[in-house]
Amino acid sequence: MTVHPSLQNYADAWTHAVEAIAELVQPLAEGEWNRATPCPGWSVRDIVSHVIGMECEMLGDPRPIHSLPRDLYHVQSDFARYMEMQVDVRRHHTAPEMTSEFEYVLIRRARQLRNENRSPDTLVRAPLGAEQNLELAYRMRAFDTWVHEQDLRVALGKPGNIDSPGAYVARDCLLEALPKVVAKDAGTPPNSAVVFDVSGPVEFLRTVRVDADGRGSVDGSPSLGPLVTFATDWETFYRLACGRVRPAAVADRIKVDGDAGLAEAILRVIAVTP
């Protein structure tokens, strides 16, 4: 590969996850493509359609011209509507059509990676007609693809890769979102701290601090007197933060110390993926 060093980690994580998805879906029978996944409203077919669509966008392909049905309950925002387009247009594709298109788009993307010589700050297309730099685009594809790999593994009963390269990209993305969740969305008081103690194959201890102006930041040093401490395992943490499970469903896997009301407020808004 000729990608810039700052892109290599994301390229490797994406490759690992997307190849795992290809391996998972290649042998599926037609009916298995309709299995529900933890991703709200999406089946196995829908997840793979989404990944195909996003990789087509990375390749610069034109978006499909398609009218969405009005009865998709999980489509509640312009962002969701944008994402649903690539999914709904493939809802009636057969298993062979899905696997062959997926294989073809991966061949094209692998060629794009091999020939990648753009700088990380090059602006590329982002959802809803926006732009983002190439490094962020690579990072978000690695994050998104790993999370959807896990969606498929849950749906198909084939756990694995919970600590693969994409897991660490996901960890960093989710930790980056925590200050807003804790400080703004949950309304944690100024001059206070909230600790997340996560165990398992991807483990970390992070403190979200809210300053006198109500702004949040996250660091790896412990807090002497946090208002709340959450202790849970990595799988539960990522599923909560990615909106794959409701807090009440995994209450037995979350240990909370401190202000119960604040803890409940944080858990209510902890899902950071749209």
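**Helices and strands around an open sheet**

Trainee: Which strands does helix α7 lie across, and at what angle does it run to β6?
Mentor: In this predicted model, helix α7 spans residues 234-241 and lies across β3 (192-199), β4 and β6 (228-233). Its direction relative to β6 is an angle of about 110°.

Trainee: Helix α8 lies across which strands, and how does it run to β6?
Mentor: Helix α8, made of residues 260-268, lies across β3, β6 and β7. Relative to β6, helix α8 runs at about 50°.

Trainee: In what order do the five strands form the open sheet, and why is one side of β5 and of β7 left without a neighbour?
Mentor: The pairing in this open sheet is mixed, and the order of its five strands is β5-β4-β3-β6-β7. Because β5 and β7 (255-258) stand at the edges, each has a single partner strand, and one side of each therefore lacks a neighbour in the sheet.

Trainee: In what sense do β4 and β5 pair, and which residue of β5 is the bridge partner of V208?
Mentor: Strand β4 covers residues 204-210 and strand β5 covers residues 216-219, and the two pair over four bridges in the antiparallel sense. Within β5, the bridge partner of V208 is V218.

How values were computed
Residues numbered from 1 in each chain as written. Predicted model: local features only at pLDDT ≥ 70, side-chain atom pairs only at ≥ 80, totals over all residues. Heavy atoms only, no water. Pairing = 2+ DSSP bridges. Contact = heavy atoms within 4.5 Å. Axes fitted to C-alpha atoms, helices over the stretch in contact; angles between N-to-C directions.
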